[in-house]
Amino acid sequence: MSPVQVLLSRLDPGIPLPSYARAGDAGADLVTTTDVVLEPGRRVLVGTGIAIALPPGYAGFVHPRSGLAARTGLSVVNAPGTIDAGYRGEIKVCLVNHDPDEPIRLSRGDRIAQLVIQRVETAAFVEVAELPASERGAGGYGSTGGHATLSGNTGQGTRK
Ligand SMILES: O=c1ccn([C@H]2C[C@H](O)[C@@H](COP(=O)(O)OP(=O)(O)OP(=O)(O)O)O2)c(=O)[nH]1
Ligand SMILES: [Mg+2]
């Protein structure tokens with residue numbers, strides 16, 4: 001499959017282009033333009049030094065990086081952040097430190113998140129008096145069971 005062309009403007013010339021670590025990866029790594037010390041539980045908005053123009057029918061999604069998340073507790077507050085096709089400003093990332101004890105130190109140029117480009121549909125919302133019937137109906141929020149309990153979870157599940 002040939003890659004979709006995404007026009008990019010480097011707002012900070014010292015920052016590398018987003019890049020896929022391996023061929024076929026879904027996420028292209030984004031870096032922070034600033035040094036940051038993120039105390040436990042705190043969040044910060046950082047710049048990535050790039051702006052893009054996605055073709056109509058596409059959107060970008062800013063996801064956390066799993067290695068950093070597992071090792072340090074670093075995540076993205078609004079994960080995944082949504083980059084609209086019409087957005088021409090700098091892509092920014094709202095980082096959060098989920099670790100309860102340790103601060104996270106980030107340096108300019110560190111890879112802090114990843115950008116996934118996807119095709120998206122836009123809907124025409126059609127109001128009706130009654131929705132068509134379905135097997136699920138209005139059941140949700142654990143209606144099928146199997147969810148963990150807050151305490152005393154045996155790992156056996158609660159599905160009846
Ligand atoms: O992680 C993110 C999320 C969003 N954006 C930019 C691109 C996006 O197109 C724009 C608006 O994002 P969103 O719609 O999620 O935010 P909003 O609070 O609804 O703002 P708006 O009223 O501008 O739509 O902000 C980022 O740079 N990084
Ligand atoms: Mg919005």
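I take the radius of gyration over C-alpha atoms, and my globule rule is 2.2 Å times the number of residues to the power 0.38. By that rule a compact globule of 160 residues would come out near 15 Å, but the protein chain has 20 Å.

A note on the source: this is a predicted model, where local features need pLDDT of at least 70, side-chain atom pairs count only at pLDDT 80 or more, and totals for chains, interfaces and linings use all residues. Residues are numbered from 1 along each chain as its sequence is written, while chains are lettered from A and ligands numbered from 1 in the order in which they are written.

Next I checked secondary structure and found 1 helix and 12 strands in the protein chain (DSSP runs numbered from the N terminus: helices are H or I with at least four residues, strands E with at least two).

Then the sheet: 5 strands form an open one in the order E2-E3-E12-E7-E9, with antiparallel pairing (two strands pair if DSSP finds at least two bridges between them). Strands E2 (19-20) and E9 (81-83) stand at the edges with a single partner strand each, so one side of each has no neighbour in the sheet. I counted 3 bridges joining E7 (residues 58-63) to E9, and saw glycine 60 opposite isoleucine 83 in E9.

Which residues surround ligand 1? I list Val62, Asn78, Gly81, Thr82, Ile83, Asp84, Tyr87, Ile91, Lys92, Val93 and Cys94 (C-beta atom, placed from the backbone, within 6 Å of the molecule). E9 and strand E10 (92-97) each supply at least two residues of this shell.
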